[in-house]
Amino acid sequence: MQSSFVTVQGRRLEYRRVAATRPTAPNLVFLHEGLGSVSLWREFPSDVAQATGCGALVFSRYGYGRSDVLAAPYQVDYMHREAREVLPELLDKLGIVDPLLVGHSDGASIALLYAAAHPGMKGLIVLAPHVFVEDISVRSIAAARETFESSDLPKRLARHHADPARTFYGWNDIWLHADFRAWNIEEILPEIACPLLAIQGLDDIYGTMAQLEAIERGVRGKVKLVKLESCGHSPHRDQPEATLAAMVEFIRDVAPGTIQAKSG
């Protein structure tokens, strides 16, 4: 599927859409991780759309994929800006009302921040979310830097990003910045009242189950936690069938009538 482009906050962003097959189904909006992009979601958004009848929007944030290349370093509040400035404008320009967000890692944090400011949402799905910085995250992100500088990782990332070096260091530099150690969004969790599904792998090297526990403790809405064995930081890639099944069940619950109910 060919990518399209839209200008948001003065920057050109890459996106792709999957049309809904059920007219009353919500639109799913997929928010990628720290090194993600439209292409790195692969077929998973289409699989979810096909299984649920929902429409799907996948886009590459500024500095990622085929979106405009990062021109200046990210600031500590970059995820807040994505949630409060970029995402609302993007949804408005593409005519998406009342979305159901699906966020992965950094994208999950952005989804949580957006949900806190939009209390009427139907639901929210987060994969390997971050609500505070853990030592394990910093160690793994530092190790990723060593890998980037000593392996073919730049070549592999070039398949998915217009400027893999700027994409990598944009993400890596801010997460390893001393000021970022204090980044914490637990204070906004009580503002989230919608149903929430949180999925994380037990082998995630970028975060522990303390992230899910903080979310369950902090939000006001109903929460379902799914902890997957033999799964790292990317549940939709490491355990796609289990992740898809959990998401389909959740969407059926929060948007009744959009998916054929199970028989029996």
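Helix α3 is mostly covered, with 11 of its 12 residues buried, and because this is a predicted model, that burial is a property computed from predicted coordinates. The buried residues of α3 are Asp106, Gly107, Ala108, Ser109, Ile110, Ala111, Leu112, Leu113, Tyr114, Ala115 and Ala116. The helix covers residues 106–117, and its length can be checked by a simple piece of reasoning: at 1.5 Å a residue its 12 residues should span 16 Å, and since the end C-alpha atoms lie 17 Å apart, the two values agree.

The largest pocket holds about 570 Å³ of space, and its lining is made up of 25 residues, among which Glu33, Leu35, Leu157, Tyr206 and Arg237 lie nearest the centre. Three helices, α4 (135–150), α5 (153–157) and α6 (164–176), each supply at least two residues of this lining. Sorted by class, the residues that line the largest pocket comprise 11 nonpolar, eight polar and six charged ones.

The second largest pocket has a volume of about 310 Å³ and is lined by 16 residues, of which Arg11, Tyr62, Tyr74, Arg81 and Glu82 are those nearest its centre. Here the elements that give two or more residues to the lining are the strand β2 (11–18) and the helix α2 (78–93), and α2 gives the most, with five residues. The lining of this second largest pocket divides into nine nonpolar, two polar and five charged residues.

A search of the whole structure finds one cavity of 30 Å³ or more, and the volume of the largest cavity is about 30 Å³. Its lining consists of Gly63, Tyr64, Gly65, Ser67, Asp68 and Val69, together with Ala162, Asp163 and Thr167. By class, three of the residues lining the largest cavity are nonpolar, four are polar and two are charged.

To follow these features in the structure above, a reader might begin with α3 and its buried residues, go on to the largest pocket around Glu33, Leu35, Leu157, Tyr206 and Arg237, then to the second largest pocket, where Arg11, Tyr62, Tyr74, Arg81 and Glu82 lie nearest the centre, and end at the largest cavity, whose lining includes Tyr64 and Thr167.

How values were computed
Residues are numbered from 1 along each chain as its sequence is written. This is a predicted model: local features need pLDDT of at least 70, side-chain atom pairs count only at pLDDT 80 or more; totals for chains, interfaces and linings use all residues. Side-chain values use heavy atoms; hydrogens and water are left out. On a 1 Å grid over the protein atoms alone, a cavity is a set of points where a 1.4 Å probe fits but cannot get out, and a pocket is an open set with protein on both sides within 12 Å along at least five of seven lines; lining residues have an atom within 4 Å of a point. Grid points are joined across faces, edges and corners, and a volume is the space filled by probe spheres set on the points. Helices (H or I, at least four residues) and strands (E, at least two) are DSSP runs, numbered from the N terminus. Ala, Val, Leu, Ile, Met, Phe, Trp, Tyr, Cys and Pro count as nonpolar, Asp, Glu, Lys and Arg as charged, and the others, Gly among them, as polar. The expected span of a helix is 1.5 Å times one less than its number of residues. Buried means under 20% relative accessible area, exposed over 50%, partly exposed in between (1.4 Å probe, protein chains only).
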